[in-house]
Amino acid sequence: MKQAYESDSEKWNVLHVQLQDMLAGYADDELDKEQLSLVEAHLAGCELCRNDLARQQLITQRLNMMPSPRLSTDAQQDIDRSLSAVLSNSTPRKQNKIDPYYSLMNKIKLSFSLSKTISAAGWAIACVLALVIMLPTAIQEKTSPIPMIADALSEYHKHENNVLPVAGTDTNKAPVSWPNARLLTTWETTIAGEPAHVYALRSGRNIVFQYHVNETVFFRNPVVRKAIAETGNYKTQANKLDVIAMPLADTGILIVGPADSLPASEKILIESI
Amino acid sequence: MINAALYGSRIYLLEMVLFSTKQKRFHCLTNPWRDRLYGVALRQTNTNEVAEDWVQETLLRGWRNFDQLSEDIAVYAWLLKILNRVIADDLRKIQRRNQLAPVVTVDDHDLIKHSCSAPEPFERALQVQLNEEINTAIMNLPEEFQRIVILRDIEGLNYNELAYILDIPKGTVMSRLSRGRRLLASALIKFRNEDDSVLTKKNSGAEQS
């Protein structure tokens, strides 16, 4: 009996040491279900670990409030100078291996050297120019050069012909609404590498998605920033879908739906969630 | 012949336009993160100039490897991964890398005996602790703990991003962060305790006189 007791105590001690390495994961909500129940069971009976967890949470809160230093203007200029020196020394041809534009250029150059006729060269130039002008438009039609918009469009297409995910949270309100919009379901996703929340709404006869994204993702693209500074929102179209990007208090919202199905900007009401 | 030369110059002009678009894209993507990178760098050195050099080197390496940046990687995480390598290379040069990192457990004497180690007094102590004191405590942490605490608790990156930036498994992120925060808590508790004892000595000296 005594032996069994000692072995239980030893087991507890081993677990006590091992679980200390998971306390950060518990504080940051990064544990899986099994780890979570193990840590919670241990915390219930271990004051030392409870105190450590509380200290970890307090440290996180305090460090979150630390001010960020800024680069001086002189340092910014130094960096700009050395970057421009490197950029001006780089030759575009170095990028040939990776950049499709450059590899296209090379192929056309080769065909030019073989043709040996001046008129053919003229036509080749015209074709290259037409291709270069049309290529970005063709790409843009399919998706968007802005990663957050491209991700939002791809998520919409992914769910367009499938069953919508079951609600992942208890939220019963989308960040923005408009007359005849009704929330169907919500789930978590990733937009431009950051977590985001998706709200699927029925708007008349259409399904419209709202993506609630963080400020950093929302304002990352200069085109979006410029449009918002000038008109209050950013609108675009791609592959028969309309997109509106609107800033909220400290986040941003992307609304994606079939062409001409989105509400006019003045009809969109911002809900507090 | 003339046409061929003209063709060559047109192609070159076109390439230059595309190249300059790439430069602009690089500037647009990286410029907003310069200050944040500088903040992370400055928390790992005492010298402004060294931090500025690290940021500059990070951006230069970023430009050289710009084609590796894909749309599924957050620009800031990508830049931090480069900064991490720049700092590691630099520190390796001055042989500061292979320090033995101490491991503090929750049973550590300092974490139990001091009056401000319990959660409430610890919270009060943190509130009055100056930013400079906290920065010093972070800077004195062993390198591997210092970096992870800065990136998680000051920069707010998630565990997947930390694993990507530091090239370590997610489990190691968790254990390093647990140990790093514990070491930092221990350092701050000791610091507060020394401060209090200096204050007590001063007060008792004043009373005696």
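1. A residue is called buried under 20% relative accessible area, exposed over 50% and partly exposed in between, with a 1.4 Å probe and protein chains only. By this definition A:Asn180, with a relative accessible area of 54%, is exposed, and A:Asn180 has a positive phi of about 70 degrees although it is not a glycine.

2. The model is predicted, and local features need pLDDT of at least 70, side-chain atom pairs count only at pLDDT 80 or more, while totals for chains, interfaces and linings use all residues. Side-chain values use heavy atoms, with hydrogens and water left out, residues are numbered from 1 along each chain as its sequence is written, and chains are lettered from A and ligands numbered from 1 in the order in which they are written.

3. Rings of Phe, Tyr and Trp (its six-membered ring) pair if their centres lie within 6.5 Å, and planes under 30 degrees apart count as stacked, over 60 as edge-to-face and the rest as tilted. This rule gives nine aromatic pairs over all chains. One of them is the edge-to-face pair of A:Phe218 and A:Phe219, at 5.0 Å centre to centre with 85 degrees between the planes; A:Phe218 is buried at 0% relative accessibility, whereas A:Phe219 is partly exposed at 28%.

4. In chain B, the ring centres of B:Trp33 and B:Tyr76 are 4.7 Å apart and their planes are at 15 degrees, so this pair is stacked. Both B:Trp33 and B:Tyr76 are buried.

5. A further feature of chain A is a cluster in which ring pairs link A:Tyr156, A:Trp187, A:Phe209 and A:Tyr211.
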